[in-house]
Amino acid sequence: MKITGNMLLGQSEQLGQYGEIFAINPATGEQLPPAFGSGNQQQVTAACALAEDAFQSYRSTSAEQRAAFLEQIAVNILDLGDDLVERAMAETGLPRARIEGERGRTMGQLRLFAGVVRAGQGLDPRIDPAMPERQPLPRSDLRQRHVPLGPVAVFGASNFPLAFSVAGGDTASALAAGAPVVVKAHSAHPGTSELVGRAIQLAVKQCDLHQGVFSLLYGSGRMIGTGLVSDPRIKAVGFTGSQAGGTALMKIAFERPEPIPVYAEMSSANPMFLLPATLAANPTALAAGFCGSLQMGAGQFCTNPGLIVAVDGAPLQQFIDECTGLLSQSPSQTMLTPGIQQAYVSGAERLGQSTGVEQLAKGLCSDAPNQCQATLFATSAEAFIADKRLTEEVFGSCSLVIRCQDEAQMLKVAKHLEGQLTASIHCNDNENEDLVRNLISVLELKAGRVLFNGYPTGVEVCHAMVHGGPYPATSDSRSTSVGAAAIQRFMRPVCYQDVPEKYLPAEIDSANSRGLTRLVDGVLSNA
Ligand code: NAP
């Protein structure tokens, strides 16, 4: 399929006239044609007006229509074939296997949400029947379901050009909720964005939906992004990226005459706690597992393990020696964009120059552009606790080992942490159970996902997943951006009091015509 550089406004297309964006192949530094025309406020307004026009009819579609639409998008993405895979590889420097795997995950997410819509998940239907005879006051008939918030603005992520971009988790969950979507494409992969955008645009037509259900804009975050989040027709925002970008959008959203929620997934250091008996039993395997996780995708994952916490001593030294051996022999890898590579280099330099921090290992260097050399640092628990900047994420294959004097200090480090997407505990049956229980009790308040004897990279897309956590991991710790529960971000509850039967939505009618499991008088019921 030909890539044109045009923005997609419903079923029409337009070349933006306010500057040009070119994708860059990070592996070669080459600029890739064509030029993508940046939009301005006029296109933002047009896309939001279309989305608003589409909202009533789209939210009224049946579960089957909406599910079929999500499935059609998945089919259309696969139909893009190698054009999509090759363009994504060229724009990101990521290998074919990763892009193909991510395409599968993207299609899987869309199908998961189709199932969620068919099953009525996210609607949370509740019925408290009227109690006319109740004394001293009768009770009204009260019924609750969730409705979509309205049009959603989505910011594509640089590090998941398919699975968290134009048709990624934010878009899939918003469309599943019944919300039209306006995507601000990430400027690092505009061609990939256009191809996927066209797959969605085609699905809108094939499924005979209002054209305003989906639009795609190009341009800078400061112009297009700010305009989008400020538009009164936008009712929620999904974002994955930097803390600076996420907090800037939160500020805009909260300062609007009508503030709206921003679901921003931003930064996380993903601490791994290596408990003493476990570390002593197997430092070599732990080092190999950690180094694999650290270097996966040049460390450009929000779940990259950026902190290792362990008691100092011979087992930790052996773990460090194994890591040093592995990392110092590891080839450098291409990062996604020149900006991300520069941020990595300066972040690692800042960490290395911090008081009390020593560099343990650095990967092999290369003359190729935009390279990430894996780096491992170490510090003491006291130095870590004394300097807040040591808790900050360095996006890429960079990690900091925190040497603790004893188990109590490991717990102290855990308590000092800010919000995280994940926290891992490596623990066998010989560990101090009190320590383990105390760690869980601290970490479950710090992280969205607590995992045992595993590595944080690799986020399963399923019903129980939480990819979230307290700030700065995300802007709203009550939600997840990955998995079925992500739909809840774009819906809100409405209570229907004494509404005549013929006006009740099907989800909460007395006949249970959708056949849902509902909370009736406080008890789950299929009746
Ligand atoms: P980013 O700079 O935050 O950009 C993400 C999106 O937000 C882009 O579309 C960008 O537009 C827009 N944006 C950024 N700042 C904005 C602002 N002030 N107002 C409105 N829109 C704004 O993230 P990135 O380019 O993907 O990567 C940069 C850094 O983000 C990385 O080095 C890393 O530290 C972090 N990051 C973290 C994660 C994670 O999951 N934790 C993932 C990716 C990146 P433009 O087109 O103008 O850039």
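1. A polar contact, as the term is used here, is a pair of N or O atoms within 3.5 Å. The model under discussion is predicted. In it, a backbone N or O atom of Gly 221 lies 2.7 Å from an oxygen atom of the ligand, and this pair falls within that cut-off.

2. For Ser 158, an N or O atom of the side chain is 2.5 Å from a ligand oxygen. For Ser 242, the corresponding distance from a side-chain N or O atom to an oxygen atom of the ligand is 2.6 Å. On its own the ligand has 870 Å² of accessible area, and the protein covers 84% of this.

3. The shell around the ligand holds 25 residues. Those that come nearest are Ser 158, Lys 184, Ser 187, Ser 242 and Met 266. By residue class, the shell consists of twelve polar, nine nonpolar and four charged residues.

4. Which elements supply at least two residues each to this shell? They are helix 7 (221-230), strand 10 (236-240), helix 8 (243-255) and helix 12 (338-352). Helix 8 gives the largest share, with three residues.

5. The ligand takes up the space of the largest pocket. As for its position relative to the domains, residues of the shell come both from domain 1 (14-124 + 148-266 + 479-489) and from domain 2 (271-452), so the ligand lies between the two.

6. Most peptide bonds are trans, and most residues other than glycine have a negative phi. Against this background, the bond joining Pro 33 and Pro 34 is cis, with omega about -5 degrees. Pro 34 belongs to strand 4, which covers residues 31-37.

7. Another cis peptide bond joins Gln 135 and Pro 136, where omega is about 5 degrees. Pro 136 is placed in a loop, the one between strand 5 (126-128) and strand 6 (142-148).

8. Is the phi of Asp 124 positive or negative? It is positive, at about 45 degrees, although Asp 124 is not a glycine. Asp 124 sits in the loop that runs between helix 4 (96-119) and strand 5.

Definitions and conventions: Residues are numbered from 1 along each chain as its sequence is written. This is a predicted model: local features need pLDDT of at least 70, side-chain atom pairs count only at pLDDT 80 or more; totals for chains, interfaces and linings use all residues. Side-chain values use heavy atoms; hydrogens and water are left out. A residue is near a molecule or strand if one of its heavy atoms lies within 4 Å of it. A polar contact is a pair of N or O atoms within 3.5 Å; within protein, one must be able to donate a hydrogen and the other to accept it, and residues adjacent in sequence count only if both atoms are side-chain atoms. Accessible areas come from the Shrake-Rupley method with a 1.4 Å probe; for residues, only the protein chains shown count as cover. On a 1 Å grid over the protein atoms alone, a cavity is a set of points where a 1.4 Å probe fits but cannot get out, and a pocket is an open set with protein on both sides within 12 Å along at least five of seven lines; lining residues have an atom within 4 Å of a point. A molecule sits in a cavity or pocket if more than half of its atoms lie within 2 Å of its grid points. Helices (H or I, at least four residues) and strands (E, at least two) are DSSP runs, numbered from the N terminus. Ala, Val, Leu, Ile, Met, Phe, Trp, Tyr, Cys and Pro count as nonpolar, Asp, Glu, Lys and Arg as charged, and the others, Gly among them, as polar. Domain bounds come from an automatic or database domain assignment.
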